[in-house]
Structure formats: C-alpha cells, structure tokens
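Student: Could you walk me through how to read the features of a protein model? I would like to go one feature at a time.

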Amino acid sequence: MFYYEVEPRFSDTDALGHINNTVYPVWFEQARTPVFRIFHPSLTPEGWPLILARMEIDLKAQCYWATPVEVRSGIGKIGNSSFEVIQEAWQNGALVARGVTVLIHFDYETQKSVPVPDEIRNQLTGHVFEE
C-alpha cells in the first residue's frame, strides 16, 4: 500500500465550501506516482508504458479545506496486460472518496496493449490493496 498526504488548497473548494468533485482525480493521479515508478522509474514521457482505460470515483463524505487528506493506494485485480489501482481518500479518520482506476501496459508505437512482465507483476502483488 502507498500513502500520499494532500494539503487541500482553498482553490480546491466549491461554492458550498467543501472540496470540489473535480479535485479527486488529480489527487488520485498524483498518488499513483509510486505505481508509475514500478513500470517506468524515470517518469519521463519517453517510453511511457501505461495508458488509463477507466476511472471511477465514489464520493463518500464531504471533505474540507485546511485539513490534510491521506490518499491510500494499492493494487486490485491484475490481468494479462491491465491492472486496477484502488485508492481511498481519508480526512479526520473518515473515508471521503474511493476510486478504482484501470491502467493498461501499453506500447504507444504499435498502439496495442502488451503483457505485464513477471518482474513487474511480482512487484504489483506486493502492494495489494488492504481493506
């Protein structure tokens, strides 16, 4: 499991005073950086091996400015060329959002998915999401 702490910005709030729903995908993407490093340690655009296929986020509770948010990320199902990243945002001990993203190991030159190498698959299994 990976942990990332976010300090919500005032500009992340909406007219109702809570964190806007458009902010969670940005937080979750940033919190996936350790997963990206497993596939591409340099994080450079050259040779980037992943593409996002699906993203869903369930908003569980309101989240507010000026209080840190912990994003917990782990690996869900692993297929031949795709895998899930399961993420939760927690504030003050409460689950405020939960998301599942499907990423595909992808070759941009051929525009096709490619199998996840065994070495990477083994690293991913070491970070299975714990409920």
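Predicted model: local features only at pLDDT ≥ 70, side-chain atom pairs only at ≥ 80, totals over all residues.

Student: Which residues of α1 are buried?

Tutor: Helix α1 covers residues 24–31, and its buried residues are Tyr-24, Trp-27, Phe-28 and Ala-31. Looking down the axis of α1, you find these buried residues within an arc of 95 degrees, so they line one face of the helix. Ring pairs also link Tyr-24, Trp-27 and Phe-28 into a cluster.

Student: How many aromatic pairs does a search of the whole structure find?

Tutor: There are 6 aromatic pairs. To read one, look at the distance between ring centres and the angle between planes, where over 60 degrees counts as edge-to-face.

Student: Where in the chain do Phe-10 and Trp-65 lie?

Tutor: Phe-10 is in the loop between β1 and α1, while Trp-65 is in the loop between β2 and β3, so this pair ties together parts that are 55 residues apart in sequence. Phe-10 is exposed, at a relative accessible area of 58%, and Trp-65 is partly exposed, at 44%.

Student: What about the rings of Phe-39 and Phe-83: how far apart are their centres, and at what angle are their planes?

Tutor: Their centres are 5.2 Å apart and their planes are at 10 degrees, so the pair is stacked. Are they buried or exposed? Both Phe-39 and Phe-83 are buried.

Student: Let's turn to charges. How many salt bridges does the count come to?

Tutor: The general idea is that side chains of opposite charge can pair when their charged atoms come close. Here the count comes to 4 salt bridges. One of them joins Glu-56 and Arg-54, whose closest N and O atoms are 2.4 Å apart. Glu-56 is partly exposed at 31% relative accessible area, and Arg-54 is partly exposed at 45%.

Student: What is the N to O distance for Glu-70 and Arg-72?

Tutor: The side chains of Glu-70 and Arg-72 meet at 2.7 Å, N to O, in a salt bridge. Glu-70 has a relative accessible area of 28% and is partly exposed; Arg-72 is partly exposed too, at 25%.

Student: Which residue does Arg-98 form a salt bridge with?

Tutor: The partner of Arg-98 is Glu-88, and their closest N and O atoms are 3.2 Å apart. This pair links distant parts of the chain, with Arg-98 in strand β5 and Glu-88 in strand β4, 10 residues apart. Glu-88 is buried, with a relative accessible area of 9%. Arg-98 also lies over the face of Phe-129, 5.6 Å from the ring centre.

Note on methods. Residues numbered from 1 in each chain as written. Heavy atoms only, no water. Buried < 20%, exposed > 50% of the residue type's maximum accessible area, 1.4 Å probe, protein only. Helix = DSSP H or I, 4+ residues; strand = E, 2+ residues; numbered from the N terminus. Arc of directions from axis to C-beta. Phe/Tyr/Trp six-rings, centres within 6.5 Å; stacked < 30°, edge-to-face > 60°. Lys NZ or Arg CZ within 6 Å of the ring centre and 35° of its normal.
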